[in-house]
Amino acid sequence: MATITSLGIGSGLDLNGLLDQLKDAERGKLAPITRQQAQQEAKISAYGKIQTSMDALQDAVGALSDPKLYQSLSANVRGDEISATTDADALPGSYRVEVTDLATAGTLASQRLVGTESDAALDMGGATQLRLDFAGLDSVNIDVAADSSLEDIRDAINANDAAGVSASVIFDGEGYRLALSSKETGLDASVTGFSFVDAAGAAVATPPFASDTQVSGQDAALTVNGIAITSASNTIEDAIQGVTLDLGELNLGTGETASSTVNVERNTLKVREAIGDFVEAFNDVKNTIGTVTKFDSETGEAAELVGDSSVRTIENRLRSVLSGGVAGGEFSTLTQLGITLQRDGTLEMDDDTISGLAKNSPDALSDFFTGVEGDENSVGLASSLSTTLEQLMSKNGTLGNAISGAENRIDSLGERYERMENTIERTISRYRTQFGQLDAMIAQMNSTSSYLTKQFEAMDAQLGRD
């Protein structure tokens, strides 16, 4: 008997369609697993949002944990275009700064070379080096080739990091000159002249050209509260303790004086911004949690983490630290700082109160957030929050365990999905075999039926039956 290779050919039944329906019905068993996988992935995504907001809170808390924040100073300048910055050594005070001279770099130009192109070889007179002289620094020797041009000498100077000058070639309308400019400002760094020397170090009798026009550099001259100060640079450090003055933006004419007042005072803005960042970061954590645990009673829609115990633990731990306060300092609660807990669980900050405390009670603020200095038993609010956040977000912490738990469930569901798929394939394969057997059996029965029908019809014809 011939083998039936396509279901339904022998029987005339739509066995392929029936098999497809059975296959769809069997694969329907995978849908619950797929939904559970999607739910766990959505949970991981929601946990990730919480973790991101908690990371930001950890950064904000870290800034509050630094005692230097509450002692930081800033320099405010009133007057001409002097800028000032402070470091940790600065002390509060007011300083009158008067600038009479800015630091400048010295320049030097060579004699004009008439009738000679800048790239033409020069008669070096046996010179092997160009010696540069400075007002207060050691001379520098630059190697030059025997057939150097003005451009070659320029390039040799610029290629030498120790040259102390920058070189260029200029055309003054009648001829070319070598122009030198000191890299550093100030009198000592000012280039004063140059000479060509031979291999023995002696000046050559017939140099290709000599120096011509020289403008000396000068030091900056200023007074701070009447005390005279000179500086080779326009960036002046420690003329005021812990303060760097930058005179670079000044534009002084001959005989002019620039006057400014530099006030070094507590950086209340920096403290206020740091506390504001903390409040904002905490509120972002609270709002993120609210979003991923929201339930809409009207639509019946539930967010990814509705009723999640891990999230409740995170909220309770953070709320406990904030409401618990600290001991040992002038302030013990956030409310005393003008930071209040709202009904929705967020924080609200009174800017005026914080600004006043940052200006008038920086040490008390420091004690509250970082702990009382010298008291080993005093733990500031920022330190407590930082420890709590580390515990919650660690690999074995509440959030870490929640994320790893969801990941493990996804892995388990994936294995279950694969096992179910294999079971379905085996079931469909068994159905396909059984349908093939059924198709062959019906085909055989149809063939037998047809044969018998023809035999009966032949017998009726022989017997004269119509």
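## A tour of hairpin, rings and pockets

Start by selecting Ile 236, which stands opposite Leu 245 in E14. Before moving on, note that this is a predicted model, where local features need pLDDT of at least 70, side-chain atom pairs count only at pLDDT 80 or more, and totals for chains, interfaces and linings use all residues. Residues are numbered from 1 along each chain as its sequence is written, and side-chain values use heavy atoms, with hydrogens and water left out.

Stop 1: Select residues 235–240, strand E13, and residues 243–246, strand E14; the two run antiparallel and are joined by four bridges. Strands (E, at least two residues) are DSSP runs, numbered from the N terminus, and two of them pair if DSSP finds at least two bridges between them. Two residues separate E13 and E14 in this hairpin, and Gly 242 in the turn has a positive phi of about 75°.

**Stop 2: the rings.** Now display the aromatic side chains: the structure holds six aromatic pairs. Rings of Phe, Tyr and Trp (its six-membered ring) pair if their centres lie within 6.5 Å; planes under 30 degrees apart count as stacked, over 60 as edge-to-face and the rest as tilted. Phe 194 lies in strand E9 (residues 191–197) and Phe 209 in the loop between E9 and strand E10 (211–215), so the pair ties together parts that are 15 residues apart in sequence. Then select Tyr 70, Phe 368 and Phe 369, which form one aromatic cluster.

**Stop 3: the largest pocket.** Select its lining, including Lys 68, Gln 71, Asp 87, Arg 266 and Lys 270. The volume of the largest pocket is about 260 Å³. A pocket is an open set of points on a 1 Å grid over the protein atoms alone, where a 1.4 Å probe fits, with protein on both sides within 12 Å along at least five of seven lines; lining residues have an atom within 4 Å of a point. Grid points are joined across faces, edges and corners, and a volume is the space filled by probe spheres set on the points.
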